[in-house]
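I opened a new notebook page for this chain. The plan is to go from the whole fold down to single residues.

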Amino acid sequence: MTWIILGSVALGIALGHWVVPPHYAHYLDTVTTSALYLLLFGIGIDLGRQREVWLKLWHMGWRILFLPLLVAVGSLTGAAVSGFILGLPFNESTAIGAGFGWYSLSGVLISQIYNVETGALAFITNVVRELLTFISVPLVARYIGRLSAVAPGGATTMDTTLPIITKSTGADMAVIAFINGSVLTTLVPVLVPFFIGLK
């Protein structure tokens with residue numbers, strides 16, 4: 001699957017550069033958004049048929065929140081270490097990491113609160129996180145574990161990367177991935193301003 005994903009991205013780049021006229025580009029957002037909604041609709045139907053999954057989640061109770069909390073701690077720790085290696089201030093690196101893959105919101109928030117340069121870096125960093133998720137999830141699910149495959153996507157596991165996670169790990173992991181993405185999405189508007197405001 002990883003090779004298919006890489007091939008699809010490479011084909012898209014080639015078509016965008018040499019074939020597709022520039023004035024068609026504004027239709028692309030409508031097409032991709034519609035495709036995403038269709039995928040999520042299909043996942044919803046599949047989830048509705050998985051009654052044992054909902055029963056399992058009911059028995060897990062509040063422990064289901066451990067996964068997004070651990071993903072948040074891991075993302076922030078990794079961002080802080082990466083920032084230290086690259087010479088970034090602690091508040092900038094952790095605020096970028098607190099985007100959890102939600103590039104549109106984290107980039108705008110940091111640009112408005114702090115400065116445009118760090119906002120642009122947050123945007124690019126979180127876009128790359130989402131792209132790497134599409135490539136790495138099949139490999140992580142195969143060689144490390146299904147639960148670990150939820151972590152790379154961060155906040156995007158509730159929408160854009162949910163289809164690839166479901167495909168790679170099984171329909172029973174879709175609910176866990178959705179909850180993980182929902183919790184992290186809720187944390188982004190809180191944590192990004194908090195960390196960027198640290199001195």
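The entries below follow the order in which I looked things up.

**Entry 1. The chain as a whole**

I note at the outset that this is a predicted model. I counted the secondary structure and got 9 helices and 0 strands. Read from the N terminus, the elements run α-α-α-α-α-α-α-α-α. I then looked up burial, and 37% of the 199 residues are buried. For the contacts with a separation of 6 or more, I found that 70% join residues 24 or more positions apart. The accessible surface comes to about 11,800 Å². Carbon and sulfur atoms hold 73% of that surface.

**Entry 2. The nonpolar core**

Which residues have the most contacts inside the largest nonpolar core? I found Phe-100 and Ile-110, in a core of 31 residues. Next I checked which helices supply the core. Helix 4 (66-86), helix 5 (90-97), helix 6, helix 7, helix 8 (162-169) and helix 9 (174-196) each give at least two residues. The largest share is from helix 9, with 9 residues.

**Entry 3. Phe-100**

Phe-100 sits in the loop between helix 5 and helix 6. Is Phe-100 buried or exposed? Its relative accessibility is 0%, so I put it down as buried. I also looked at the backbone: phi of Phe-100 is near 50 degrees, a positive value in a residue other than glycine.

For the contacts I left aside neighbours within four places in sequence. Phe-100 then touches Ala-72, Ser-75, Asn-126 and Arg-129, among others. The list also includes Gly-153, Gly-154, Ala-155 and Thr-156. Leu-184, Leu-187, Val-188 and Leu-191 are on it as well.

**Entry 4. Helix 8 and the residue after it**

I looked up how far helix 8 is covered. Of its 8 residues, 6 are buried, so the helix is largely enclosed by the rest of the structure. The buried ones are Leu-162, Pro-163, Ile-164, Ile-165, Thr-166 and Thr-169. Gly-170 follows helix 8, and its phi is positive, near 115 degrees.

**Entry 5. Asn-180**

Asn-180 belongs to helix 9. I checked its cover: the relative accessible area is 0%, so Asn-180 is buried. What does Asn-180 touch, not counting residues up to four places away in sequence? I listed Leu-67, Pro-68, Val-71, Val-150, Gly-154 and Thr-157. Gly-154 is also in the contact list of Phe-100.

**Entry 6. Leu-70**

I then turned to Leu-70, which is in helix 4. Is Leu-70 buried or exposed? The relative accessible area is 59%; the cut-off for exposed is over 50%, so Leu-70 counts as exposed. Its C-alpha atom is 8.7 Å from that of Ala-151, a residue 81 places away along the chain.

**Entry 7. Aromatic pairs**

A pair of rings is described by the distance of the centres and the angle of the planes, so I wrote down both values each time. How many aromatic pairs are there? The count is 2.

Tyr-103 and Phe-123 make an edge-to-face pair, 5.4 Å centre to centre with 85 degrees between the planes. Tyr-103 lies in helix 6 (residues 103-113) and Phe-123 in helix 7 (residues 116-143), so this pair, 20 residues apart, links distant parts of the chain. Tyr-103 is partly exposed at 27% relative accessibility, and Phe-123 is partly exposed at 38%.

The other pair is Phe-194 with Phe-195. Their ring centres are 5.1 Å apart and the planes stand at 75 degrees, so I recorded this pair as edge-to-face. Phe-194 is partly exposed, with a relative accessible area of 48%, whereas Phe-195 is buried at 12%.

Leu-11, Leu-15, Trp-18, Val-19, Val-20, Tyr-24 and Tyr-27 make a nonpolar surface patch of about 790 Å². Helix 1 (residues 2-18) gives the largest share of the patch, 3 residues. Tyr-27 is in helix 2 (residues 25-49).

Conventions
Residues numbered from 1 in each chain as written. Predicted model: local features only at pLDDT ≥ 70, side-chain atom pairs only at ≥ 80, totals over all residues. Heavy atoms only, no water. Helix = DSSP H or I, 4+ residues; strand = E, 2+ residues; numbered from the N terminus. Buried < 20%, exposed > 50% of the residue type's maximum accessible area, 1.4 Å probe, protein only. Contact = heavy atoms within 4.5 Å. Areas by Shrake-Rupley, 256 points an atom, 1.4 Å probe, with all protein chains shown as cover. Phe/Tyr/Trp six-rings, centres within 6.5 Å; stacked < 30°, edge-to-face > 60°. Patch = residues over 30% accessible without salt bridge, like charges linked within 9 Å, V, L, I, M, F, W, Y side chains within 5 Å. Salt bridge = Lys/Arg side-chain N within 4 Å of Asp/Glu carboxyl O. Core = buried A, V, L, I, M, F, W, Y, C linked by side-chain atoms within 4.5 Å.
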